[in-house]
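Hello,

Here is the structure for your files. Please look it over before you read my notes below.

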Amino acid sequence: MLTFEEMWQRIIECDRKYDGLFFTAVKTTKIYCRPSCRSRKPKKVNVEFYDQIGKVEEAGYRACKRCQPEVEHSPQVAIVKNVVTFLVNNYKQHLQLKDLAEEVGVSPFYLERVFKQETGETPRMYLEKIRIDKAAYLLKSTKLTNLEICFEVGFQSSSNFYKIFKNIKSCSPSEYRKGLHYELDGS
Ligand SMILES: [Zn+2]
C-alpha cells in the first residue's frame, strides 16, 4: 500500500499519522521503531520496513527504547489504527464518517470522539493529509498533471485540492513539484 520511498519520507518527517501501520527496522543496530520516532535517522540503505510487529520481531529486531513501538495498545488505539489502515488503503474513494464507522464496527459519534482523543484530529482531516501525502509523492515521482493527481488521490474538486495542499504544504502543487519548498535531506 505504501512504497519504500513513501515510508522513508514518513520517517524523515517523524510522521505520527502512520504509527502502527509499519515499522522501521535498522539492519546495523537491529532496532525497530515507529515512523514517528525522534531518534537520529538511520542511513537509507540500512533500513527495511515491516508491516507487522510479529514479523519484525521474528527477524531478530528489538524494540526501540525511545519510541516503544511494542507497547500494548488500548482498544481505542486499535480502533484508530484500523481506521487509519482503511483510509490509507481507500483514500481514492469518496468516504464518509459512517463508512469508516461501519468498517470498524462502532457508531460514527463514538468513532469521531475516540479518533479525536487519540490523534487530535478528525478522520476527515486525517484522510485529507493522507491524500496530500500521496499527491506529494505523485508530484515528485510521476508526470501526471496536477488535475490528474487531484482526482487520483480522491479529491472531488481541484479548488479543494489546491486549498488543502497549500494549507498542509505551504506551497502550491506546482511549486512543490519544482522543488520550491523546504525539504529535509533524506539521504
Ligand atoms: Zn524509536
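Buried means under 20% relative accessible area, exposed over 50%, and partly exposed in between, with a 1.4 Å probe and protein chains only. Helices (H or I, at least four residues) and strands (E, at least two) are DSSP runs numbered from the N terminus.

The model is predicted: local features need pLDDT of at least 70, side-chain atom pairs count only at pLDDT 80 or more, and totals for chains, interfaces and linings use all residues. Residues are numbered from 1 along each chain as its sequence is written, and side-chain values use heavy atoms, with hydrogens and water left out.

Helix 3

The buried residues here are Ile79, Val80, Val83, Val84, Phe86, Leu87, Val88 and Asn90. They pack against helix 4, helix 5 (108-119) and helix 6, where contact means heavy atoms within 4.5 Å. Helix 3 has 16 residues. From first C-alpha to last it reaches 22 Å, close to the 22 Å expected at 1.5 Å a residue. The expected span is 1.5 Å times one less than the number of residues.

Zinc site

Four cysteine SG atoms coordinate the zinc ion at 2.2 to 2.4 Å: Cys33, Cys37, Cys64 and Cys67. Donors are N, O and S atoms within 2.8 Å of the metal (3.2 Å for Na, K and Ca); water is not among the atoms, so sites may look incomplete. The angles among the four donor atoms run from 104 to 121°, and the site is tetrahedral. That label requires four donors with all angles between 85 and 135 degrees. Along the chain, the donors follow the spacing C-x3-C-x26-C-x2-C. Cys33 sits in strand 2 (residues 31-33) and Cys67 in the loop between strand 4 (62-63) and helix 3 (75-90), so this pair ties together parts 34 residues apart in sequence. Cys33 is buried, at 12% relative accessible area. Cys67 is buried too, at 11%.

Salt bridges

A salt bridge is a side-chain nitrogen of Lys or Arg within 4 Å of a carboxyl oxygen of Asp or Glu. The count is twelve. Lys134 pairs with Glu6, their closest N and O atoms 2.8 Å apart. Lys134 belongs to helix 6 (residues 123-141) and Glu6 to helix 1 (residues 4-12), so the bridge ties together parts 128 residues apart in sequence. Lys134 is buried at 10% relative accessible area, and Glu6 is buried at 6%.

Lys92 and Glu152 also form a salt bridge, 2.9 Å from N to O. This pair links distant parts of the chain, 60 residues apart: Lys92 in the loop between helix 3 and helix 4 (97-104), Glu152 in helix 7 (residues 146-152). Lys92 is partly exposed at 46% relative accessibility, as is Glu152 at 31%. Shared partners join Arg10, Glu13, Asp15, Lys17 and Asp133 into one salt-bridge network.

Aromatics

Rings of Phe, Tyr and Trp (its six-membered ring) pair if their centres lie within 6.5 Å; planes under 30 degrees apart are stacked, over 60 edge-to-face, and the rest tilted. The whole structure has nine aromatic pairs. Phe23 and Tyr32 are edge-to-face, 6.0 Å centre to centre with 90° between the planes. Both Phe23 and Tyr32 are buried. Phe161 and Phe165 are edge-to-face as well, at 5.9 Å and 65°. These two lie in helix 8 (residues 158-169), four residues apart, about one turn of the helix. Phe161 and Phe165 are both buried. Phe155, Phe161, Tyr162, Phe165 and Tyr176 form one aromatic cluster.

Best wishes

How values were computed
Four donors count as tetrahedral if all angles lie between 85 and 135 degrees; four count as square planar and six as octahedral if opposite donors are over 155 degrees apart and all others between 65 and 115; anything else is irregular.
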